Amino acid sequence: MKLILAPVDFSDASANAVLFAAELAKRSSARLVIVNILQKAQDENDTKVRLNTMEAELKKTFDSDLQCESFTAHGNLITTLEKIMAVQQPDLIVMGTKGASGLKKILIGSNTVNLLSNTKLPVLVIPEVARFGNFFHKEKNRIVLATDLDSLENEEALNVLKEIALFIIEPKVRVLSVRSKNKKLARSKKKGT
């Protein structure tokens, strides 16, 4: 990985996800780019101060050599992130999610789901309660690969998954088929066919 993009909204979930992103950036010698998509009620100067503070805290926590930068952008979350991704060309996007008690609560109805359904880039979704250090403990070593089981359009995504898995002791990767509520799984994609 060369570049990790971490969108933040300053919630506890996004702050936690940034810690994962920083740890991954440090371990892979990647550059970390943190972005806040300004909402109408947000003060831009206050947001820039918060981003600078976050960046300084990360460098203090992880090392002053952490390659980290931050900026703000304006617009619709998905459309603006798509534009940022086109310019920055990240290898990985790291986003937090509030839900933590079951996969359905993690995925349904969030900005993260909207991003997942609108990008071909790998997105690492971090539940708010997850901690990077937990991956060094038994039974805290699972990665879920969510897929629609269609053809892989970005083969580099699997290399990113492999790189992340190598940071975890005895990783377990689980594959989860994700599709629209009314879309049936093709017979050729079912187990055993």
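There are zero aromatic pairs in this structure, where a pair would need ring centres of Phe, Tyr or Trp (its six-membered ring) within 6.5 Å, with planes under 30 degrees apart counted as stacked, over 60 as edge-to-face and the rest as tilted. A ring does meet a charge, though: the charged end of Arg50 lies over the ring of Phe10, 4.2 Å from its centre. Such a placement requires NZ of Lys or CZ of Arg within 6 Å of the ring centre and within 35 degrees of the ring normal.

Please keep in mind that this is a predicted model, in which local features need pLDDT of at least 70 and side-chain atom pairs count only at pLDDT 80 or more, while totals for chains, interfaces and linings use all residues. Residues are numbered from 1 along each chain as its sequence is written, and side-chain values use heavy atoms, leaving out hydrogens and water.

**Overall layout**

- The protein chain has six helices and seven strands; these are DSSP runs (helices H or I, at least four residues; strands E, at least two), numbered from the N terminus.
- Along the sequence, the elements of the protein chain follow the pattern β-α-β-α-β-α-β-α-α-β-β-α-β.
- Of its 193 residues, 40% count as buried, where buried means under 20% relative accessible area, exposed over 50% and partly exposed in between (1.4 Å probe, protein chains only).
- The accessible surface of the protein chain is about 11800 Å², and 51% of this belongs to carbon and sulfur atoms; the areas come from the Shrake-Rupley method with a 1.4 Å probe, and for residues only the protein chains shown count as cover.
- Among contacts in the protein chain with a separation of 6 or more, 76% are between residues 24 or more positions apart, a contact being heavy atoms within 4.5 Å.

**Nonpolar cores**

- In soluble globular proteins, nonpolar side chains tend to be buried together.
- The largest nonpolar core has 34 residues, of which Ile4, Leu32, Ile34, Leu58, Leu92 and Val94 touch the most other members; a core is a set of buried Ala, Val, Leu, Ile, Met, Phe, Trp, Tyr and Cys residues joined through side-chain atoms within 4.5 Å.
- Elements giving two or more residues to this core include strand 1 (3-7), helix 2 (44-62), strand 4 (92-97) and helix 6 (156-166), while helix 1 provides the largest share, seven residues.
- A second, separate core of 14 residues includes Leu5, Val35, Ala73 and Ile84.
- Leaving aside neighbours within four places in sequence, Ile34 is in contact with residues including Val18, Met54, Leu58 and Cys68.

**Asn36, a buried polar residue**

- Asn36 belongs to strand 2 (residues 31-38) and, at 1% relative accessibility, counts as buried.
- Its side chain reaches the backbone oxygen of Val8 at 2.8 Å, a polar contact (a pair of N or O atoms within 3.5 Å; within protein, one must be able to donate a hydrogen and the other to accept it, and residues adjacent in sequence count only if both atoms are side-chain atoms).
- Not counting residues up to four places away in sequence, Asn36 also touches others, among them Phe10, Thr47 and Phe71.

- Phe10, in the loop between strand 1 and helix 1, has a positive phi of about 70° although it is not a glycine; Phe10 is buried, with a relative accessible area of 16%.
- Gln89, in the loop between helix 3 (77-88) and strand 4, has a positive phi near 50° and is exposed, with a relative accessible area of 60%.
- Asn159 of helix 6 is partly exposed at 41% relative accessible area.
- Asn159 and Met1 are 158 residues apart in sequence and 8.8 Å apart in space, C-alpha to C-alpha.
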